[in-house]
There are 2 protein chains.
Amino acid sequence: MEQLTVYKIGGNVIDDNNMLQIFIRDLASLPGKKILVHGGGKIASSIGKALGIEPKFVDGRRITDRQTLDVVTMVYAGLINKQVVALLQAAGINSIGLSGADANIIPAAKRDVSIIDYGYVGDVSPLTMNTVILRNFIDSGLLPVISPITHDQQGSLLNTNADTIASSVAVALSAFYNVSLIYCFERDGVIDTKDCVIPAISKNEFESLKKDKIITDGMIPKMENAFKAIESGVSSVRICNSSQIKFTRDEVATGTLLSI
Amino acid sequence: MEQLTVYKIGGNVIDDNNMLQIFIRDLASLPGKKILVHGGGKIASSIGKALGIEPKFVDGRRITDRQTLDVVTMVYAGLINKQVVALLQAAGINSIGLSGADANIIPAAKRDVSIIDYGYVGDVSPLTMNTVILRNFIDSGLLPVISPITHDQQGSLLNTNADTIASSVAVALSAFYNVSLIYCFERDGVIDTKDCVIPAISKNEFESLKKDKIITDGMIPKMENAFKAIESGVSSVRICNSSQIKFTRDEVATGTLLSI
């Protein structure tokens, strides 16, 4: 099967213009078929605050009320998505910015409110992704740039975790391509107690590292997502610094490679 | 040639949720190939104001400084574009929201600053539109929903008048389809001094109506755009109420039909 790489960049890369420029330049220089999924960053919170909306979180997850949904739609699907697309175009890469509503690529289900009401939050599944249109874009030479805004197919947009979008897209497309998933962020990988990058982590090692509190907080759902992706057909998942993607194809180890 | 209808909705339709819902419902019920171009409305100004940015206009045209560009990108290409796409999806129409940067469909040139500096404003031409990708979308059953954000191909987004986008897209595609262009707004058409809709206006009549001050202000550039489109290959241009589009295919006259 042909190789496809799904890259995910998060808030810290987006918030730092220099990091973003380097990432885009490197991404443009890499051959092969690609998808880029991006998260949000501080811009949504600061614009929300300026509009008088206080960001609310439960367990590190944003609570999306009606006003917050409008803000994340504006910032993720508008400002960030189009700026990234314009930068890629300038680098010679014909990219297309998409939310999950566009061409119905990512239908979602509004999360059940019985335990915690997360508001307008959408849960997604690799099984319901519109892979036909995504493959059509990729195979015709377009680089899809996906923002983490989905929809319920009943007229409402929904906010979805960008890591989950990245792994779901990677899993859905692993039926058609040999998919590598790369989570890019501002650190060099998963770091041990001596501040060194752990070059590889198996599922069992992950459980130990969690128990020993070496892996904590926001890294836990990210890595759980990653292992789930591997178990569901994705060839490899790497967590690395956004400035290191040009080395991810070499034999040289970059970041942390996850395996079952 | 096959029929294609380019619809343009402006601020007043977007600002009124009821009007927008009716428009979307009617659009979804109409057969045939379509493109929807949308403008902005008061949301951009009110969000800009809340963020401390005062809207500036010269001759009815928005001056787009850096901050204003960010606001219109958020509101037009994000909030409005994705809400319209989600509503169309709910109505059973597979639509795809696009800015001019997406798939490079509308490259633009930053307007010359020698007389008035309009800021980040992009001038477009039917000659440089990426009709291949637009046709690919239309012919594969997608309804493109285009926001008036373009790009300079050098990494900067630009703000472009939505009426101009609509007429440029209509002209560019008139080489491949029999294109009707319909400007939808909150009035029933071009209105005479007795408050009656003028059912048809020729280019010569337009000049007289301008001279007699029956057509004034914002309607002048809209109609000039429309006549230019007809002169450049568009089959017909109609100006009508957004609630009347279901009648535009009938023999019954709806709104104002422009002709050379």
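Is A:Glu231 buried, exposed or partly exposed? Keep that question in mind while we walk through this predicted model, starting where the two chains meet.

The size of an interface is often given as the accessible area lost when the parts come together. Here, about 2,700 Å² is buried between chain B and chain A, with carbon and sulfur atoms giving 69% of it. On the chain B side, B:Met74, B:Lys82 and B:Asp102 supply 20% of the area that chain B buries against chain A, more than any other three residues.

Let's look at the pairings across this contact. Between chain B and chain A there are eight residue pairs in polar contact and two salt bridges. In one salt bridge, the side chain of B:Lys82 meets that of A:Asp102, at 2.8 Å from N to O.

Now, how are the two copies arranged? Chain B can be superposed on chain A by a rotation of 180° with 0.0 Å of shift along the axis, giving an RMSD of 0.0 Å. The copies are therefore related as by a two-fold rotation axis. In chain B, the C-alpha nearest that axis belongs to B:Gly78, which is 1.7 Å from it. Because 100% of the interface residues of chain B are also interface residues in chain A, the copies meet through the same surface.

Salt bridges also form within a single chain. Over all chains, the count comes to 26. One of them brings us back to A:Glu231, which pairs with A:Lys203, their closest N and O atoms being 3.2 Å apart. A:Glu231 sits in helix α8 of chain A and A:Lys203 in helix α7, 28 residues apart. With 44% relative accessibility, A:Glu231 counts as partly exposed, and at 25% A:Lys203 counts as partly exposed too.

B:Lys222 counts as buried because its relative accessibility is 13%, and B:Asp163 is buried at 10%.

Notes
Residues are numbered from 1 along each chain as its sequence is written. Chains are lettered from A and ligands numbered from 1 in the order in which they are written. This is a predicted model: local features need pLDDT of at least 70, side-chain atom pairs count only at pLDDT 80 or more; totals for chains, interfaces and linings use all residues. Side-chain values use heavy atoms; hydrogens and water are left out. Buried area is the accessible area (1.4 Å probe) that two parts lose on being put together, summed over both. A salt bridge is a side-chain nitrogen of Lys or Arg within 4 Å of a carboxyl oxygen of Asp or Glu. A polar contact is a pair of N or O atoms within 3.5 Å; within protein, one must be able to donate a hydrogen and the other to accept it, and residues adjacent in sequence count only if both atoms are side-chain atoms. Copies are superposed by least squares on the C-alpha atoms of residues with pLDDT of at least 70 in both. Contact means heavy atoms within 4.5 Å. Helices (H or I, at least four residues) and strands (E, at least two) are DSSP runs, numbered from the N terminus. Buried means under 20% relative accessible area, exposed over 50%, partly exposed in between (1.4 Å probe, protein chains only).
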